[in-house]
Amino acid sequence: MGKLEGIKGIAFDLDGTLIDSAPGLTDAIDSALYALELPAAGEDRVTTWIGNGADILVERALTWALKDKSPQDGQPGMMRRLFDTYYAQYAEEGSYLFPAVADTLKTLREHGVKMAIVTNKPTPFVRPILETLGIADYFDLVIGGDDVAAKKPHPAPLYLVLGKLGLYPHELLFVGDSRNDIQAAKAATVSVAGMTYGYNYGESITLSQPDFVCDRFSDLLPIIGLPHNDNQE
């Protein structure tokens with residue numbers, strides 16, 4: 001694996017990169033479907049719908065549940081409202097840090113690396129999850145899906161990171177798990193690392209050709225020239 005020089009900041013996707021949020025998202029989606037008297041989707045299926053924000057997640061779930069039928073008047077809006085209600089209950093208890101995330105973030109902070117969150121998740125849900133999981137204080141900036149006019153794969157959120165943190169594109173590394181993340185980084189001309197363990201619509205992250213491919217979260221450290229140790233396994 002190669003190494004980058006001059007990296008001063010790292011921006012992270014959230015779902016599928018830092019946290020396994022599929023259990024909570026699945027509970028919210030299935031509860032909303034049940035309330036509409038539609039079949040439950042299950043975690044394996046919901047995982048393939050994650051990545052484009054809540055509106056698209058809900059749309060994918062409703063389209064699947066209705067099969068070839070058209071939604072009734074008001075049904076999409078009702079589904080989204082139900083999802084928001086249930087996710088407010090399940091988001092924090094249904095989200096877990098992936099291995100080595102906490103220790104790696106601690107190491108990055110100790111070495112003065114600026115850090116940001118860039119997620120398509122609705123903004124109100126983001127910080128409570130970070131606080132519940134004990135990692136909120138590591139981030140200098142948190143950008144949720146409601147904080148920009150255009151979500152990933154548009155580069156707008158990463159332009160905002162560069163501006164807010166005072167960085168040039170060559171000084172930022174973006175870390176994600178889906179083709180949306182890779183496309184956003186390339187459009188913003190920042191380096192990008194793709195995680196193999198996340199949610200990417202059932203396809204390998206290598207197909208999107210990130211600059212770096214990581215099997216473990218701690219693999220990020222040598223990319224920017226920091227030592228890797230056993231505590232980050």
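Q: Why is Lys-152 called buried?
A: Lys-152 has a relative accessible area of 3%. Buried means under 20% relative accessible area, exposed over 50%, and partly exposed in between, with a 1.4 Å probe and protein chains only. Lys-152 is therefore buried.

Q: What is the basis of these values?
A: The model is predicted: local features need pLDDT of at least 70, side-chain atom pairs count only at pLDDT 80 or more, and totals for chains, interfaces and linings use all residues. Residues are numbered from 1 along each chain as its sequence is written, and side-chain values use heavy atoms, with hydrogens and water left out.

Q: Where is Lys-152 found?
A: Lys-152 is in the loop between β5 and α7. Helices (H or I, at least four residues) and strands (E, at least two) are DSSP runs, numbered from the N terminus.

Q: What makes the pairing of the side chains of Lys-152 and Asp-13 a polar contact?
A: The two side chains are joined at 2.8 Å. A polar contact is a pair of N or O atoms within 3.5 Å; within protein, one must be able to donate a hydrogen and the other to accept it, and residues adjacent in sequence count only if both atoms are side-chain atoms. The value of 2.8 Å lies within that limit, so the term applies. The side chain of Lys-152 also reaches the backbone oxygen of Val-118, at 2.9 Å.

Q: Which residues is Lys-152 in contact with, leaving aside its neighbours within four places in sequence?
A: Among them are Asp-13, Thr-119, Asn-120, Phe-174 and Asp-181. Contact means heavy atoms within 4.5 Å.

Q: What is the peptide bond from Lys-152 to Pro-153 called, cis or trans?
A: This bond is cis, with omega near 20°. Most peptide bonds are trans.

Q: How do you know whether Ala-100 and Gln-209 are buried or exposed?
A: Ala-100 has 13% relative accessibility and therefore counts as buried. Gln-209, with a relative accessible area of 57%, is exposed. Ala-100 has a positive phi near 75°, and Gln-209 has a positive phi near 55°. Most residues other than glycine have a negative phi. Ala-100 lies in the loop between β3 (96-97) and α5 (101-110), whereas Gln-209 lies in the loop between β7 (191-195) and β8 (212-214).

Q: What makes β6 and β7 a pair?
A: Two strands pair if DSSP finds at least two bridges between them. β6 and β7 have four bridges, in the parallel sense, so they pair. Leu-173 has Ser-191 in β7 as its bridge partner. Both strands belong to an open sheet of six strands in the order β5-β4-β1-β6-β7-β8, with parallel pairing.

Q: Why are β5 and β8 called edge strands?
A: Each of them pairs on one side only.

Q: Which residues of helix α8 are buried, and what do they pack against?
A: The buried residues of α8 (residues 179-187) are Asn-180, Asp-181, Ile-182, Ala-184 and Ala-185. They pack against α7, β6 (172-176) and β7.

Q: What makes a group of residues a nonpolar core?
A: A nonpolar core is a set of buried Ala, Val, Leu, Ile, Met, Phe, Trp, Tyr and Cys residues joined through side-chain atoms within 4.5 Å. The largest such core has 61 residues, and Phe-12, Leu-105 and Leu-108 are among those that touch the most other members. Helix α3 (residues 54-66) gives the most to this core, with seven residues. A second, separate core of 20 residues includes Ala-11 and Leu-158.
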